[in-house]
Amino acid sequence: MIRIGKPYIETKNKKAKCKCDLFFNNNKKTLWFEVDEKYSKYLCIERGDAYLIGILHYAMEKNEDILVDIPITEDLLYNIRNILVPSLSKYAKSLNNIKITAKTAKPLMLGSSIGTGCSCGVDSFSAIYNHINSEYPGLDLTHLCINNVGAFNESYSKYGVEKVKKERYEKTDEVAQYLNLDLIKTDSNYQEVIKENHYRTHTYSSVFAIYILQKLWKVYYYASSGYDYSHFNLIDNDKHASGYYELLSLQCFSIPGLKIYSEGGEKTRLDKTSEIAEFNAAQKYLHVCLNKSTNCNICSKCKRTLVTLDLLNKLDNFKEVFDIEYYKKNRLMYYKWLYKQHLKNDSMIEPVYQLLKLSKNEIKRELLLYKPFIFTKVKSYDLMKKVLPNSIKTKIKK
Ligand SMILES: [Zn+2]
């Protein structure tokens, strides 16, 4: 059993911390979420919604029922109990149809702001680009957010998680100023209290952060993972990124007065890269790197973005954020990587590979020479993975 206590706010040194005691079979852990003091009035202590969402996937995985000491918004509890939990547990071996005990209350309906996360990646800039000065002024952004609920700890261990966090927060300040939008910088111990794989649960941790500021938001755009809606899937949902079923989860997490969009799911990552290629803010601040706080040019995300921009003929637009000269000198290496990803059935990169096939890019002829070698290497590795026992595979890896 996991019990969610009553949240409370502590203010110190111009920061406000919203705290909540969680009891894991009587083992108490305090989950906190911090904002600048000026946003403290938006921290929600009247409902347990944020904590229920934040703990939900973990509780289903550990087969722990949930008891909540404070009311849950009626619509949210209905959606989670009757739609989300039964749907997920039905198609995931490791997730259980747990029992949730809570009193209900009416939606707060207090929010009037419109926000999105500002990670400065392709999805993030696409979400921003589509919601500033749009033809729907009532749906345009009023705030950007940068949260620390798991994404930073996934990578950057070599460069230093804290160093990257500090440098990215500073850069995001510049982006918000450049776009003339308010930036809410938050911090949390979420990933220390609720230890889960970020890739498979990022929707829950991100929506936890949205709901903590439940009294601020009317609309929130959660930039999708770069897969379009055709990838929606519940089968084995415990083994894949939570982005695959956001059409369902974000629908369940939306309540009267707070709509959370699975933003950008009508587009592929290629579409979004094409969209932001002429966006000044993206040209100045795009950051996709898995290694450090600037773009390294060589990690898989940097490679994917560079080769996409090259095929779109937009490379030079991004000379402030990538080492374009290095790319041009090593172009073939990037295209060999693209072909390798195509052979590995990387569905995110496939539209880019198809673009290469259609293009008149001279690199195609050069790549032709290397294709048989790359093909043999990738396929023999696949075969080896299938036939070798796990013990030998581990030795090879070491
Ligand atoms: Zn990189």
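Two strands pair if DSSP finds at least two bridges between them. Helices (H or I, at least four residues) and strands (E, at least two) are DSSP runs, numbered from the N terminus.

This is a predicted model: local features need pLDDT of at least 70, side-chain atom pairs count only at pLDDT 80 or more, and totals for chains, interfaces and linings use all residues. Residues are numbered from 1 along each chain as its sequence is written.

**The β2–β3 hairpin**

β2 and β3 form a hairpin, with two residues between the strands. Asn 13 sits in the turn and has a positive phi of about 45°. The two strands run antiparallel and are joined by five bridges. Tyr 8 has Lys 19 of β3 as its bridge partner. Burial here is counted from C-beta atoms placed from the backbone: a residue is buried if 20 or more others lie within 10 Å of its own, exposed if 12 or fewer, and partly exposed in between. Strand β2 covers residues 8-12; of these five, the number buried is zero, so β2 lies largely in the open.

**Helix α11**

Helix α11 is mostly covered, with 10 of its 12 residues buried. Among them are Cys 302, Lys 303, Arg 304 and Asp 310. The helix spans residues 300-311 and reaches 17 Å from its first C-alpha to its last, close to the expected 16 Å. That expected span is 1.5 Å times one less than the number of residues. Just after α11, Asn 313 takes a positive phi of about 60°.

Contact means that the C-beta atoms of two residues, placed from the backbone, lie within 7 Å.

**The whole chain**

The protein chain holds 16 helices and 14 strands. Its assignment gives domain 1 (2-105), domain 2 (113-263) and domain 3 (295-390). Such bounds come from an automatic or database domain assignment. The C-alpha centres of domain 1 and domain 3 are 42 Å apart.

Along the principal axes, the C-alpha atoms fill a box of roughly 65 × 55 × 35 Å. Of the 398 residues, 38% count as buried. Among contacts between residues at least 6 apart in sequence, 72% join residues at least 24 apart.
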